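The report takes them in turn.

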Amino acid sequence: MNAFHSEKYLKAAISSVVNQTEQSWELLLWDNSTHDIARLIAGRFDDVRIRYFWSPERVSLYQSRMNAVRQAEGEFIAFLDCDDEWKPDKLEVQVRAFDEDACVASCTDFRIQREKSSPQSLRVRDAVYKTYRSPVLSPVGVLRDYRVGMSSLMVRSSAALRAWPDKPPPFFMIEDLDMVMRIMAFGSLIPIPVD
């Protein structure tokens, strides 16, 4: 979880991890050089599975995610933006996709819900976004029709560490697509429609 000016939503986001039905997880909270109270909020959970990291300088979201990935100890990596929440069974359901040896990534349907008073609510409506209905077997399939919400993505750690660069390209809007495309070189993406 990348934290950048996140204090408004961070407690709810962390709670959605703590309340997972699958309890074998670690949460890497990567504070991207902010001066909000992310460390304090994380500390209130008093859970050794929550590991807080603070970056002395602000870096791109891509680099921040890579910094956290390199600290991960688990077999799988799932992403959660600090203003998002997971359903309680998200990890339990999604990890089953990796029973297939060829699976290096998995994603689910996701819902976007905007605050009615935010400027984004004028441009983006509340909606459920549907992921793929069948496995995606190549990067071309992802490129043709991108249906991955970053907070719905789970990847195999070993493939991620081989696929993703130490120093990411200077992307601003397409870093998620780049990450998914790179990992797809090592296997398939298994979608899990949930809504």
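## Charges over rings

The charged end of Arg58 lies over the ring of Phe4, at 3.8 Å from the ring's centre. Arg49 does likewise with Trp25: its charged end is 3.8 Å from the centre of that ring. The test asks for NZ of Lys or CZ of Arg within 6 Å of the ring centre and within 35 degrees of the ring normal.

This is a predicted model: local features need pLDDT of at least 70, side-chain atom pairs need 80 or more, and totals for chains, interfaces and linings use all residues. Residues are numbered from 1 along each chain as its sequence is written, and side-chain values use heavy atoms, without hydrogens and water.

## An aromatic pair

The whole structure holds four aromatic pairs (Phe, Tyr or six-membered Trp rings with centres within 6.5 Å). One of them joins Phe76 and Phe98, 4.6 Å centre to centre.

Phe76 is partly exposed, at 25%.

Technical notes. Rings of Phe, Tyr and Trp (its six-membered ring) pair if their centres lie within 6.5 Å; planes under 30 degrees apart count as stacked, over 60 as edge-to-face and the rest as tilted. Buried means under 20% relative accessible area, exposed over 50%, partly exposed in between (1.4 Å probe, protein chains only).
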